[in-house]
Amino acid sequence: MKPCDFEYVLPADLNEALAALENTSHRDAKVLAGGQSLIPMMNFRTLAPEVLIDINQLTELDYCRVEGRDLLIGALTRHNTLKNWTAAHDVCPLIRDAYEHVAHHTVRNRGTIGGNLSHADPASEMPAVMLAYDAQFVLRSSTSTRTVRADEFFISSLQTSIAPNELLVEIRVPLRRTSGWAFEEVSSRKGDFAIVAVAVLMELSNGKCIAVSISLSGVTDRSTRVYEAEGALIGTRVTADRIDAALTAIGTSIDFTDSPGVSSEYRKHLANTLAGRAIRTAFQRASEAQ
Ligand SMILES: Cc1cc2nc3c(=O)[nH]c(=O)nc-3n(C[C@H](O)[C@H](O)[C@H](O)COP(=O)(O)OP(=O)(O)OC[C@H]3O[C@@H](n4cnc5c(N)ncnc54)[C@H](O)[C@@H]3O)c2cc1C
């Protein structure tokens, strides 16, 4: 199929793009970044926006750099740029590991990190990574700039807190010591969205867990941090009992998605297995670094 007719706007820079968003905020307008999710949906006519605002000329949003204690990523940075930016790997190993599971080379060449996060597919890997790192998302309109925490950004399947007149312009990943990390995923085929994915970061001091993040994708209507599971580990020695308590919390605090071919029971079972594996790997890495 081909998409319905739409008006096409090609802003030359960020100010023009924000003005275009403001002018069309009362209409059904969509931002076009890499087009790897939006264009298939338009072709299938799942979406039929009246206006398409193409941000591909906004080269000022294509960057990754470390500034102070943050990794700053421009929203128009292509997946492959970030995947291949080795400087990010030492400071954010979860980004490197998760990218082993994200789509295929050609899709990653066009797809952008900003488009990926704004699309908010509940089975996407990068939202779980950003949740684990406590990333912040910078949203701009023509009149204001605001910063939203990752755990307030993802609202539901394909829904975020971006307002119609706003553009996601930057992702800020706070750099903290992360000696323990792990990313685990099961998908139908390599490069497919996750059936279940788990991201874990862990820090130990004197044998005790002093910081941990556990986030999952694929399990419910959005990627989600599981604070209840983290609470079972923080301040404790990470024994098999504590890991079991964290896994129990994952099982009870998530309303697992039931979809054709993948029952909620199976998703729960996978989440338990993958989270257990990820927590143990993160713990082992953190222990070795002590
Ligand atoms: C075959 C295939 C396999 C894939 N496999 C995976 C996978 O395993 N894991 C995965 O995570 N993804 C996967 N994807 C999706 C891919 O990661 C997309 O690149 C991504 O989801 C969307 O990024 P994009 O830049 O292409 O955004 P687009 O498709 O251009 O836009 C997606 C949505 O985000 C909005 N948007 C885009 N940029 C912004 C912005 N800066 N501010 C506000 N709104 C914005 C758009 O309006 C649209 O609603 C796959 C895609 C394909 C085609």
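Visitor: Among the contacts in the chain with a separation of 6 or more, what percentage comes from residues 24 or more positions apart?

Guide: A contact means heavy atoms within 4.5 Å. In this chain, residues 24 or more positions apart account for 64% of the contacts with a separation of 6 or more. This is a predicted model, where local features need pLDDT of at least 70, side-chain atom pairs count only at pLDDT 80 or more, and totals for chains, interfaces and linings use all residues. Residues are numbered from 1 along each chain as its sequence is written, and side-chain values use heavy atoms, with hydrogens and water left out.

Visitor: Is glutamate 166 buried or exposed?

Guide: Buried means under 20% relative accessible area, exposed over 50%, and partly exposed in between (1.4 Å probe, protein chains only). Glutamate 166 counts as buried because its relative accessibility is 8%. Leucine 10, at 40%, counts as partly exposed. Of the 290 residues in the chain, 52% are buried.

Visitor: Which side chain does glutamate 166 join through a polar contact of 2.7 Å?

Guide: A polar contact is a pair of N or O atoms within 3.5 Å; within protein, one must be able to donate a hydrogen and the other to accept it, and residues adjacent in sequence count only if both atoms are side-chain atoms. Here the partner is the side chain of arginine 146. The glutamate 166 side chain also reaches the backbone nitrogen of alanine 163, at 2.9 Å. Leaving aside neighbours within four places in sequence, the residues in contact with glutamate 166 include Leu21, Leu139 and Ser161.
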